[in-house]
Amino acid sequence: SGEPGVRYVEEVDKRWKSQPCYGYWVAQWSPKKGVRKTKRFSVMKYGDEDAYRLAVKARRQGVAQMKE
């Protein structure tokens with residue numbers, strides 16, 4: 001993705017006949033040792049660019065809170 005801690009994930013769910021494959025952008029950070037925070041943003045809900053932007057923003061905010 002070009003942004004540390006942000007990645008694209010695509011999953012298949014055979015229960016969904018009309019939309020078996022869906023994608024989302026994931027932001028991850030570790031606020032303290034042994035703890036991982038994750039936020040996911042659906043491409044179907046936000047569109048690819050906005051989902052990516054939201055994931056980057058969430059990651060940056062999470063990292064900034066770690067420094068406080």
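Over which ring does the charged end of Arg 40 sit? In this predicted model, where local features need pLDDT of at least 70, side-chain atom pairs count only at pLDDT 80 or more, while totals for chains, interfaces and linings use all residues. Residues are numbered from 1 along each chain as its sequence is written, and side-chain values use heavy atoms, leaving out hydrogens and water.

The ring is that of Tyr 24, whose centre lies 4.0 Å from the charged end of Arg 40. A charge counts as sitting over a ring if NZ of Lys or CZ of Arg is within 6 Å of the ring centre and within 35 degrees of the ring normal.

Tyr 24 also has a place in the sheet, opposite Val 9, and belongs to β2. Strands are DSSP runs of E of at least two residues, and helices are runs of H or I of at least four, numbered from the N terminus. The open sheet has three antiparallel strands in the order β1-β2-β3; strands pair if DSSP finds at least two bridges between them. At the edges stand β1 and β3 (35-42), each with a single partner strand, so one side of each has no neighbour in the sheet. Seven bridges join β1 to β2 (residues 21-32).

Now to the aromatic residues: Tyr 8, Trp 25 and Tyr 52 form one cluster. The count comes to four aromatic pairs, with rings of Phe, Tyr and Trp (its six-membered ring) pairing if their centres lie within 6.5 Å; planes under 30 degrees apart count as stacked, over 60 as edge-to-face and the rest as tilted.
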